[in-house]
Amino acid sequence: MTLGMLAITEPAHADEGPANAQGANAEQSGGGDGKGIYAAARIQYSGSVAMGGGTGNVTSTDVNWTPPPCWYAPYLGAKDFKKEMSKHIDSQLNTPGMGGTAGAALGETKRHYEDGFDIPGKPGYKDYNVENDGKGMFWAGVENPNEPDYLKRTSCTDLPFWVENGDAPPPQYEEAINPEILAALAYQHMELPDTKVTLAPEANTKVNLPTWAWLDKAVFDEVQATAALNVPGFNIQATTTARPVSLKLEPGTKDAVTYPASGECVLNADNSIGEPYAKGKADETPPCGIRYLRSSGDGTYKLRATITWDIDWTGTGGAGGDLPNGTFGNEQAVTVQEIQAVNR
């Protein structure tokens, strides 16, 4: 039986998620009863994050890395937890046909919270610990609504457990919310700026004529997204920072040559990428650019420009570290015309 998840599915899962627009600083928190007892813990997102609670546009370069599918977080104060949990336990015990192993498990859960019945590794509570109401919160599993794998999303199935204000969760709960998990969630919701490179010629180029490409430092800069969790006795946050490091050019056709040959244009000393075209450079090879070998005919080539971002994080208590590099790119149309001779 995964009674812990069944009993709290609606409030614990539905209340998680960002609702602020990109670049905004919106706060989310659970409802209170005026005594510091919150109905739910909700993560607050700020900075450059996706609108409407969806995932951002960052693609991790590490295919094996994924944001946390679920975690444990502060859920309810003792009195509110008693009201919710006892209602669900009684409802399930009174379900027609409930018996056998399932019924026994529900009975043990009821005794665990009401009569102090110990479950291995989990000390029991007297009357849902209401004598300590306001001194801590019950923690429970929370699904990541943006995790597509149902089994992973619903894998935090331990029964809700009590944590005193100011204390860390018991060490056996490795998925308990912490700054590192918040950093990964900020990464998941981060929104990077569009990548439209400046070209010369701008949109119409010629066969065998080098097309210069560049990004000024003013066009892009580091991007930050912050995730925070603030409830009575437990306040943590993490800020994830992305810094551009290189630009990848994909011409949109095999009939092209990139400069450099890898198509990877690295950051200059002044944090720009490439070099702006200037008069008199027509015979020079651009440090970052493309030379198309065939006309695009009546159509266009879809030039894709993708920036790779170096991403790290810092959080409460001096925590921090690296996250996988991220990428985000855009396509722009390029017309290539056939000219037999070009006068320069």
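Me: At the start of H5, which residue has a side-chain oxygen that reaches the backbone nitrogen of Glu180?
Reply: This is a predicted model. Look for a side chain that meets a backbone nitrogen at the start of the helix. Here that residue is Asn178, with a side-chain oxygen within 3.1 Å of the backbone nitrogen of Glu180.

Me: Which residues does Thr226 touch beyond its sequence neighbours?
Reply: Leave out residues up to four places away in sequence. What remains is Gln44, Tyr45, Ser46, Ala186, Gln237, Ala238 and Thr239. Thr226 itself lies in strand S9, residues 223-231.

Me: Why does Thr226 count as buried?
Reply: Compare its relative accessible area with the cut-off. Buried means under 20%. Thr226 has 15%, so it counts as buried. Its side chain also makes a polar contact of 2.8 Å with the side chain of Thr239.

Me: How many aromatic pairs does the structure hold?
Reply: The structure holds 17. Take Trp212 and Tyr277. Read the distance and then the angle. Their centres are 5.6 Å apart, with 70 degrees between the planes, and the pair is edge-to-face. Trp212 is in strand S8, and Tyr277 is in the loop between strands S13 and S14, 65 residues apart.

Me: Which residues form one aromatic cluster?
Reply: Follow the rings from one to another. The cluster holds Tyr75, Phe81, Tyr113, Tyr125, Tyr128, Phe138 and Trp162. A ring can also face a charge: the charged end of Arg111 sits over the ring of Phe117, 4.0 Å from its centre.

Me: How many disulfides does the structure hold, and what is their pattern?
Reply: There are two. Count the bonded cysteines along the chain, and the pattern is 1-2, 3-4. Cys70 and Cys156 have sulfur atoms 2.0 Å apart. Cys70 is buried at 4%, and Cys156 is buried at 1%.

Me: What is the handedness of the disulfide of Cys265 and Cys288?
Reply: Read the torsion about the S-S bond. It is about 90 degrees, so the disulfide of Cys265 and Cys288 is right-handed. Cys265 is in strand S12 and Cys288 in the loop between S13 and S14, 23 residues apart. Both Cys265 and Cys288 are buried. The link of Cys70 and Cys156 is right-handed too, with 80 degrees.

Terms used. Residues numbered from 1 in each chain as written. Heavy atoms only, no water. Polar contact = N/O pair within 3.5 Å; in protein donor to acceptor, adjacent residues only side chain to side chain. Helix = DSSP H or I, 4+ residues; strand = E, 2+ residues; numbered from the N terminus. Buried < 20%, exposed > 50% of the residue type's maximum accessible area, 1.4 Å probe, protein only. Contact = heavy atoms within 4.5 Å. Phe/Tyr/Trp six-rings, centres within 6.5 Å; stacked < 30°, edge-to-face > 60°. Lys NZ or Arg CZ within 6 Å of the ring centre and 35° of its normal. Disulfide = S-S within 2.5 Å.
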